[in-house]
Amino acid sequence: MLRDSYGRVATDLRVSLTDKCNLRCTYCMPPEGLDWLPKPELLTADEIVRLVAIGVERLGVTEVRYTGGEPLLRRELVDIVARTAALSPRPEVMLTTNGIGLARLAAPLAEAGLDRVNVSLDTLERDTFKRLAHRDRFDDVIAGLAAADAAGLRPVKVNTVLMRGINDHEAPALLRYCLKQGYELRFIEQMPLDAQHGWSRKDMVTADEILAMLKAEFDLRPDDPEERGSAPAERFLVDGGPERVGVIGSVTRPFCGACDRVRLTADGQVRNCLFAREESDLKTAMRDGAGDDELAARWIAAVATKLPGHGIDDPAFLQPARPMSAIGG
Ligand code: SAM
């Protein structure tokens, strides 16, 4: 088991398939992009599946979420999903994506065994999309969402980051849209994980503010806390339910005490927290010939040192060297 010294057990593995992305969301990376990882540094599909298999078959991982960067940019994605879904015990297989290309890939991914999908959508206004993501791809995202729903990747979840003065006026409209389409919306507080180090607490739209904006138009009642478990989203029944909306207050309402997540970067580093400043290099060990026992032992040791919390509120907090796009959100 992947148990840390505070008794938390990691069962939810998030695997970044690439650090590259075809959007440039301002809270994530600069318009000109970043220095991408050199190809030889990226895990191959076989290496990814080998490490995921160790996680699932030996270390108690029950959920595998592929992310990035943008995971749909990885050509072998359908094959990686199929090989993940074939593991025993079968893990839940999920994807976090910006939706560009999902119109074409949703059906083959569902057929390969993908269970569910989270699609990022921050705005319903084409011009705001262009301003926020520096690319004119709004229609592709909307088409990707519809294709995911049609392929049965339900419940389709929508991830939204609100930015003050840019899209924060859209919270109720986004919820109305998702209710109408049958998608489950979750707002994520902006975290200090952008490559430009431009995050500031005063500009961040807080969970309290998001809830106040929604409550002006909807009746929100907290969902059964038992249902939440280790999920990052605090969920609320909308207008009596059964529809729900989630708020992920990573900064102002941290949920580190219930965290069950562990991450594997596209270049084969285990990270025990989004905000970790240390990593454990499974790729080099694997390429130097380490067997599955040794890789599992390294992974167990990496999780054992997980800190009790992300420490954003600590005056000594330092943003991790890797931006979100290179960690895997
Ligand atoms: N490209 C995919 C996507 O757009 O969903 C997967 C990777 S992206 C890093 C995963 C999620 O992290 C997205 O929902 C994105 O909005 C969110 N995200 C990125 N940077 C963030 C930040 N600084 N704070 C909060 N969420 C962030």
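Let's start at His197, which sits in the loop between strand E6 (184-188) and helix H7 (207-215). Helices (H or I, at least four residues) and strands (E, at least two) are DSSP runs, numbered from the N terminus. The phi angle of His197 is near 55 degrees, a positive value in a residue other than glycine.

A word on the model before we go on. It is predicted, so local features need pLDDT of at least 70, side-chain atom pairs count only at pLDDT 80 or more, and totals for chains, interfaces and linings use all residues. Residues are numbered from 1 along each chain as its sequence is written, and side-chain values use heavy atoms, with hydrogens and water left out.

His134 also has a positive phi near 55 degrees. You will find His134 in the loop between helix H4 (126-133) and H5. Is His134 buried or exposed, or partly exposed? At 31% relative accessibility, His134 counts as partly exposed; buried means under 20% relative accessible area, exposed over 50%, and partly exposed in between (1.4 Å probe, protein chains only).

Two peptide bonds deserve a look as well. The bond joining Ser88 and Pro89 is cis, with omega about -5 degrees, and Pro89 is in the loop between helix H2 (77-85) and E3. The bond from Arg154 to Pro155 is cis too, with omega near -5 degrees; Pro155 lies in the loop between helix H5 (138-150) and E5.

Now to the ligand. Which residues come nearest? Of the 17 residues around the ligand, they are Tyr27, Gly69, Glu70, Ser120 and Met191; a residue is near if one of its heavy atoms lies within 4 Å. By class, this shell has six nonpolar, nine polar and two charged residues. In the side chain of Ser120, an N or O atom is 2.6 Å from an oxygen atom of the ligand. For Glu70, a side-chain N or O atom is 3.0 Å from a nitrogen atom of the ligand. Thr97 takes part through its backbone, where an N or O atom lies 3.3 Å from a ligand oxygen. Taken alone the ligand exposes 550 Å², and the protein buries 94% of that; these areas come from the Shrake-Rupley method with a 1.4 Å probe. Strand E3 (92-97) and strand E5 (157-161) are the elements that give two or more residues to the shell.

Next, aromatic rings. The count comes to three aromatic pairs, where ring centres lie within 6.5 Å, and planes under 30 degrees apart count as stacked, over 60 as edge-to-face and the rest as tilted. Phe129 and Phe138 form an edge-to-face pair, 6.0 Å centre to centre with 70 degrees between the planes. Phe129 is buried at 6% relative accessibility, and Phe138 is buried at 9%.

Last, charges. Side chains of opposite charge can pair when their charged atoms come close. How many salt bridges are there? The count comes to 28, taking a side-chain nitrogen of Lys or Arg within 4 Å of a carboxyl oxygen of Asp or Glu. Glu41 and Lys283 meet in one of them (2.5 Å, N to O). Glu41 lies in the loop between strand E1 (12-16) and helix H1 (45-58) and Lys283 in helix H9 (residues 282-287), so the pair ties together parts that are 242 residues apart in sequence. Glu41 is partly exposed at 34%, whereas Lys283 is buried at 6%.

Note on methods
Polar contact = N/O pair within 3.5 Å; in protein donor to acceptor, adjacent residues only side chain to side chain. Nonpolar A, V, L, I, M, F, W, Y, C, P; charged D, E, K, R; others polar.
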